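Welcome to this short briefing. Please take a look at the chain below, and then we will walk through it together.

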Amino acid sequence: SSEDKKEEEEEETPPVPEKVEHVEKEALYHIKCKLFLKSGDGWNEKGVGIANLKECEGKVQLLIRNDTTMGTVILNTLLHDKLPITKSGKNGLMIVATTEDSKTETYLCRVNKDKVDEFHDKLEEYKKGITPTTTTTEETE
């Protein structure tokens with residue numbers, strides 16, 4: 001009967017992965033993005049997630065986690081003044097970064113076209129490192 005077929009179809013529908021925006025609570029800046037990794041002549045999509053800029057021992061770390069419940073890290077690199085960051089198209093930034101296993105890879109980070117300049121400026125600003133402006137109570141005791 002048609003009811004049996006309907007039940008079968010419903011059972012075969014795979015669960016939709018839950019989307020989670022992983023914003024690091026101590027992030028200096030964050031933005032939603034889609035990350036691609038250059039592979040040969042093309043680009044492989046690494047995923048959609050939140051790019052977080054975080055302070056890390058006087059430098060700034062670019063940490064991008066997938067927007068899945070697991071929050072898999074899809075890019076983790078320290079910004080430095082020699083890090084090449086170039087605008088690509090109307091909404092992309094190309095970043096040549098060294099990965100945790102010391103490989104140099106080219107990434108394309110796509111963001112909302114209205115935010116690409118802001119994101120680029122933040123990356124350029126934080127490439128120079130960071131001077132902590134606030135003192136914590138631990139330092140003043």
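Among contacts in the protein chain between residues at least 6 apart in sequence, what percentage join residues at least 24 apart? The figure is 46%, where a contact means heavy atoms within 4.5 Å. Please keep in mind that this is a predicted model, in which local features need pLDDT of at least 70 and side-chain atom pairs count only at pLDDT 80 or more, while totals for chains, interfaces and linings use all residues. Residues are numbered from 1 along each chain as its sequence is written, and side-chain values use heavy atoms, with hydrogens and water left out.

**The overall picture**

- The protein chain has three helices and seven strands; these are DSSP runs numbered from the N terminus, with helices being H or I of at least four residues and strands being E of at least two.
- Reading from the N terminus, the order of elements is α-β-β-β-β-β-β-β-α-α.
- Of the 141 residues in the protein chain, 33% are buried (buried is under 20% relative accessible area, exposed is over 50%, and partly exposed is in between, with a 1.4 Å probe and protein chains only).
- The accessible surface comes to about 9600 Å², and carbon and sulfur atoms hold 46% of that surface (areas come from the Shrake-Rupley method with a 1.4 Å probe; for residues, only the protein chains shown count as cover).

**A network of salt bridges**

- The count comes to seven salt bridges, each being a side-chain nitrogen of Lys or Arg within 4 Å of a carboxyl oxygen of Asp or Glu.
- Glu24, Glu26, Lys54 and Arg65 are linked in a network of these bridges.
- Glutamate 24 pairs with lysine 54 at 3.4 Å, N to O; glutamate 24 lies in the loop between helix 1 (2-12) and strand 1 (29-39) and lysine 54 in strand 2, so the pair ties together parts that are 30 residues apart in sequence.
- Glutamate 24 also bridges to arginine 65, with the closest N and O atoms 2.9 Å apart, and this pair links strand 3 to the loop across 41 residues.
- Glutamate 24 is buried at 15% relative accessible area, whereas arginine 65 is partly exposed at 24%.

- Glutamate 57 sits in the loop between strand 2 (42-56) and strand 3 (59-66), and is exposed at 80% relative accessible area.
- The phi of glutamate 57 is near 50 degrees, a positive value in a residue other than glycine.
- Glycine 92, in strand 6 (residues 92-98), is buried at 1% relative accessible area.
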